[in-house]
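Good morning, and thank you for making the time.

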Amino acid sequence: MSEPFDAVDVIHAKRDKHPIPEDELRWMVDAYTRGYVSDAQMASFAMAVLLNGMSRDEIRVMTDAMIASGERMSFAGLGKPTVDKHSTGGVGDKITLPLAPLVASFGVAVPQLSGRGLGHTGGTLDKLESIPGWRAALTGDEMSAQLRDVGAVVCAAGSGLAPADKKLYALRDVTGTVEAIPLIASSIMSKKIAEGTGALVLDVKFGSGAFMKDLDRARELARTMVELGGDSGVATTALLTDMNAPLGLAIGNANEVRESVEVLAGGGPADIVELTVALAREMLSLVGQPDADVEAALADGRAMDTWRAMIRAQDGDPDAALPAPRETHTVTAPRAGVVARMEALPFGVAAWRLGAGRARADDAVVHASGVDLHVKPGDAVAAGQPVFTLLAEDASRFDRALAALEGAWEIGQVAPERGGLVAERITA
Ligand code: URA
């Protein structure tokens, strides 16, 4: 069968800043997924997008074409509203773990399709797989049943969702085109819309430990995704949140589960509670419960009950001991003072080097590895007081982790200025 368009015409249009007709853009995505448009042509197109941007309409069409490349799930028959959260990823970001059961405890369905981590940001599935017996792979029917009976599901995204994005993302990764905001927005939103959620809250992070280093670009990405959600019929709100320091006190896998359970028990570090509560409020507002008392559901055990049911439904044992590290190494304060700085990215890299993350997609993670912080920026410390502990299976990993942390933290005399974690809220 002959093809109706020519990829070179589409590339020329974007290169020369002309609008791309809708049918041509849809065809380009489809023909690339089928293998008719080559990697070289798609890479050239992606670079033209990086340099010249895309109109709101083009981004919508691109997203829609990526959704159409695979299956689209629907939870319309559930009889309750659905709402999901997506984070652009950070160090110590375990918010999905307390958030999904917390929101579900208000009678809302939270279908959270997640991934495994690559590089310094950990994956939610890796963290949950620290729990003995817990399984990430669910069939569509198991997912629907769990959403109906428990309300919250965190499971692996099947390969059938937006296969065009999978192919394009791998190509962007090796052609210097990951950073194009229209491509990031369409990539993230195609998967979230295909997943079938009715509403979506985005946690767009900025700062040294985030994908977007500065607030302006994070804002532009958030606006683009909020518009795209609205244009595609998914009510979407975004929070811009600070990712300069690690979130919470645990960076790794098993230790992040332990910290999440502390939050579900009504305790936990203040920043994790702050962000969990802020995101839960946004999610519940989008599904018509703006006055829900989310703090009460953490304090009185309702969110914990849903967590336990969610873990059991996926064959996990919420009471089983989590894996513990064989080796630990604690670093102490060289002098008395106040923690002036703790940079998120080096702590993420250190946890990764200790075995908590993977360098290649088929590597295994070591669930007990990571970093436990004992203090946070702004805390006073005495000389010799523990600042953080490295956790590993094998003590030979400590040197490279310590190298990553050189210059990454500082004991000074003046506490850093501390604003709230949520810098801005972006709505349609
Ligand atoms: N995450 C995604 O899913 N896609 C991108 O393009 C960037 C981050």
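Let me begin with the ligand: one of its nitrogen atoms is 2.6 Å from an N or O atom in the side chain of Ser187. A polar contact here is a pair of N or O atoms within 3.5 Å; within protein, one must be able to donate a hydrogen and the other to accept it, and residues adjacent in sequence count only if both atoms are side-chain atoms.

This is a predicted model, in which local features need pLDDT of at least 70 and side-chain atom pairs count only at pLDDT 80 or more, while totals for chains, interfaces and linings use all residues. Residues are numbered from 1 along each chain as its sequence is written, and side-chain values use heavy atoms, with hydrogens and water left out.

A polar side-chain atom of Arg172 lies 2.9 Å from a ligand oxygen, and an N or O atom in the side chain of Lys191 is 2.5 Å from a ligand oxygen. On its own the ligand has 240 Å² of accessible area, of which the protein covers 84% (Shrake-Rupley method, 1.4 Å probe; for residues, only the protein chains shown count as cover).

Which residues surround the ligand? They are Tyr169, Arg172, Ile184, Ser187, Ile188, Lys191 and Phe211, where near means a heavy atom within 4 Å. Helix 8 (163-173) and helix 9 (181-194) each give two or more residues to this shell, and helix 9 gives the most, with 4. Helices (H or I, at least four residues) and strands (E, at least two) are DSSP runs numbered from the N terminus. By class, the shell has 4 nonpolar, 1 polar and 2 charged residues.

On a 1 Å grid over the protein atoms alone, a cavity is a set of points where a 1.4 Å probe fits but cannot get out, and a pocket is an open set with protein on both sides within 12 Å along at least five of seven lines; lining residues have an atom within 4 Å of a point.

There are 2 cavities of 30 Å³ or more.

Finally, the second largest pocket holds about 560 Å³ of space. It is lined by 22 residues, and those closest to its centre are Ala245, Pro377, Arg418, Gly419 and Leu421. The lining divides into 10 nonpolar, 4 polar and 8 charged residues.

Definitions and conventions: Points joined across faces, edges and corners; volume = space filled by probe spheres on them. Nonpolar A, V, L, I, M, F, W, Y, C, P; charged D, E, K, R; others polar.
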